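Biologist: I'm new to this one. Can you walk me through it?
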Amino acid sequence: MFESRGEKAFVAGITALLLLLSFIALVPLLSVLSISFSSKGAVVQNLVSIWPKQFTLDSWSYIIERPDLWKSFFLTLGSTVIGTVLALLITALLAYPLSKKEFRWGSVIMIGVVIAMIFKAPIIPYFLTVRGIGLYNNPLVLIVPHILNPFNLIIMRSFFKEFPKELEEAAFLEGSGYFRMLFQFVLPLSKAVLATLALFYAVVIWNQFQTPLLFLQNVDWFPLQMKIRQFITDDNTILPGAASMVDFNFNERTLRSATVIFAIIPIIAVYPFLQKYFVKGAMIGSVKG
């Protein structure tokens, strides 16, 4: 397709602007990453910008050897994996019947879903409800409140509404029921929406902070974000004994930076594998309801 000089200039300008904005957005992350790989002296003298000074792995070595950090990491990882799987299962089980016109209560339930999406529950009733079902100081609180999101439900319902009816009719003629239809035919062909919603759910569960802050008092059940907060707010938690500090080439700033990067690595590592589904799946639901 022929492009005029003006169109080429416009595309080049937009590309340059987006690259500039992307770099600006990455600067804080690069700064934190650089501090985590810099020496104690360079950080104290404020010599670190977006490139490490006096490169060292001392901060990372100390962080990686912390058993309490790994305990929080695996607790968060387990709750994220289990919570995401359960969330996708429950969302699919609810979205599939809501996508069918013959489901007579579908429109009524969808009104309730939209109301739940727009009007969030106040903190105090939410706290009393969750505590009332036995989730106070219970690690299951990291999973149960997040297993259904109204917005994600609407996206999956919209995707199922576009599923070819001919395929469903052929499966029904062969004796398939709704459950078999969903699990053997619909879900295997719904990789785009499943990958997108898996990322949505996983990011929420992995990064959750308010829920464990409200409901978890036992430090043994602190997820990774709460452990990072503990490291940032309490020098005695993150630093070794004062007498041994002279033997290490790190301080509280380098350790906190390493901990922050440690917490975001899994999400960054997973995203490239889901990126090809992300845009396609995210656009579903924004065009048709």
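Predicted model: local features only at pLDDT ≥ 70, side-chain atom pairs only at ≥ 80, totals over all residues.

Biologist: Fine. How do H4 and H10 cross, and at what angle?
Modeller: Helix H4 covers residues 67-98 and helix H10 covers residues 191-207. Their axes come within 9 Å and cross at roughly 140°. That makes H4 oblique to H10.

Biologist: Is the crossing of H4 and H10 left-handed or right-handed?
Modeller: Right-handed.

Biologist: Which residues in H4 meet H10?
Modeller: From H4, Phe-73, Thr-76, Leu-77, Ser-79, Thr-80, Gly-83, Thr-84, Ala-87, Leu-88 and Thr-91 take part. They meet Leu-194, Leu-197, Ala-198, Tyr-201, Ala-202, Ile-205 and Trp-206 in H10. By class, the contact has eleven nonpolar, six polar and no charged residues.

Biologist: Next pair. How far apart are the axes of H5 and H7?
Modeller: The axes are 8 Å apart. H5 spans residues 106-118, H7 spans residues 150-161, and they pack at an angle of about 140°. That makes H5 oblique to H7.

Biologist: And which residues in H5 and H7 meet?
Modeller: Met-110, Val-113, Val-114, Ala-116 and Met-117 come from H5. On the H7 side there are Pro-150, Phe-151, Leu-153, Ile-154 and Arg-157. Nine of the residues in this contact are nonpolar, none is polar and one is charged.

Biologist: Let's stay on H7. Is Asn-152 buried or exposed?
Modeller: Asn-152 is in helix H7. Its relative accessible area is 4%, so it counts as buried. Leaving aside neighbours within four places in sequence, Asn-152 is in contact with Thr-91, Leu-197, Phe-200 and Tyr-201.

Biologist: How far is Phe-160 from Pro-28?
Modeller: Their C-alpha atoms are separated by 40 Å. Along the chain, the two are 132 residues apart.

Biologist: Switching topic. How many residues of H12 are buried?
Modeller: Seven of the ten residues of helix H12, residues 224-233, are buried, so it is largely enclosed by the rest of the structure. The buried ones are Leu-224, Gln-225, Met-226, Lys-227, Ile-228, Gln-230 and Phe-231.

Biologist: What about Arg-66? Where does it lie?
Modeller: Arg-66 lies in the loop between helix H3 (58-64) and H4. It is buried, at a relative accessible area of 11%. Its side chain makes a polar contact with the side chain of Tyr-62, at 3.1 Å.

Biologist: What is Arg-66 in contact with, leaving aside its neighbours in sequence?
Modeller: Beyond four places in sequence, Arg-66 is in contact with Phe-231, Thr-237 and Ile-238. Phe-231 is one of the buried residues in H12.

Biologist: Loops now. Which loop is Asp-220 found in?
Modeller: The loop between helix H11 (210-215) and H12. Asp-220 is partly exposed, with a relative accessible area of 42%. Asp-220 and Leu-197 are 23 residues apart in sequence and 30 Å apart in space, C-alpha to C-alpha.

Biologist: And where is Asn-138?
Modeller: Asn-138 is in the loop between helix H6 (123-132) and H7. Its C-alpha is 9.4 Å from that of Pro-212, and the two are 74 residues apart in sequence. Asn-138 touches Phe-215 and Leu-216, not counting residues up to four places away in sequence.

Biologist: Last topic, the backbone. What is the phi of Asn-46?
Modeller: Positive, about 55°, although Asn-46 is not a glycine. Most residues other than glycine have a negative phi. Gln-54 also has a positive phi of about 55° and is not a glycine.

Biologist: Where are Asn-46 and Gln-54?
Modeller: Asn-46 is found in the loop between helix H2 (40-44) and H3. Gln-54 lies in the loop between H2 and H3 as well.

Biologist: Are they buried or exposed?
Modeller: Asn-46 is exposed, with a relative accessible area of 60%. Gln-54 counts as exposed at 52%.

How values were computed:
Residues numbered from 1 in each chain as written. Heavy atoms only, no water. Axes fitted to C-alpha atoms, helices over the stretch in contact; angles between N-to-C directions. Helix = DSSP H or I, 4+ residues; strand = E, 2+ residues; numbered from the N terminus. Parallel < 35°, antiparallel > 145°, perpendicular 65-115°, else oblique. Left-handed = near helix turned anticlockwise from the far one by under 90°. Contact = heavy atoms within 4.5 Å. Nonpolar A, V, L, I, M, F, W, Y, C, P; charged D, E, K, R; others polar. Buried < 20%, exposed > 50% of the residue type's maximum accessible area, 1.4 Å probe, protein only. Polar contact = N/O pair within 3.5 Å; in protein donor to acceptor, adjacent residues only side chain to side chain.
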